[in-house]
Amino acid sequence: AAASAAESAAAASAAESAAAEAIASAVAESAVAEVAASAGSAAGGSAAAGAGSLVLANCPFHRLAAAYPDLVCGMNLDLIDGVIDRTCPGELRARLDPGPERCCVTVTART
């Protein structure tokens with residue numbers, strides 16, 4: 001009986017943990033989408049509904065990227081791609097798309 005109670009408690013704890021993780025993931029996904037839209041607008045980016053892309057108007061690592069573009073832009077891409085994969089897997093993708101006077105990474109909807 002003690003083993004059965006312990007197994008039930010462990011199963012309940014696992015279910016609670018899975019539910020908490022699902023809720024946290026949904027909250028994070030919503031927050032990231034909201035922040036991305038706000039940041040894109042504030043930075044002069046394109047985050048209009050239906051546009052399907054986010055282009056930031058300034059580079060967060062401008063000084064370093066000017067000296068080491070391959071390294072810094074690659075790290076920025078990996079950083080943004082990691083956030084996307086964790087918060088909304090399969091929905092968005094980050095890609096290198098350098099342009100003058102803006103961030104080298106753009107985020108687009110997966111098609």
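Is Arg95 buried, exposed or partly exposed, and at what relative accessibility? Arg95 counts as partly exposed, because its relative accessibility is 31%; the class lies between buried (under 20% relative accessible area) and exposed (over 50%), with a 1.4 Å probe and protein chains only.

This is a predicted model: local features need pLDDT of at least 70, side-chain atom pairs count only at pLDDT 80 or more, and totals for chains, interfaces and linings use all residues. Residues are numbered from 1 along each chain as its sequence is written, and side-chain values use heavy atoms, without hydrogens and water.

**Salt bridges**

A salt bridge puts a side-chain nitrogen of Lys or Arg within 4 Å of a carboxyl oxygen of Asp or Glu. The count is two.

| Pair | N to O distance |
|---|---|
| Arg95 and Asp97 | 3.8 Å |
| Asp97 and Arg102 | 3.6 Å |

Arg95, Asp97 and Arg102 are linked in a network. Asp97 is partly exposed at 25% relative accessibility. Arg102 is partly exposed at 23%.

**Second largest pocket**

A pocket is an open set of points on a 1 Å grid over the protein atoms alone, where a 1.4 Å probe fits, with protein on both sides within 12 Å along at least five of seven lines. Lining residues have an atom within 4 Å of a point. The second largest pocket is lined by 15 residues. Cys59, His62, Ala65, Gly99 and Arg102 lie nearest its centre. H2 and H3 each give two or more residues to this lining; helices are DSSP runs (H or I, at least four residues), numbered from the N terminus. The largest share, three residues, comes from H2.
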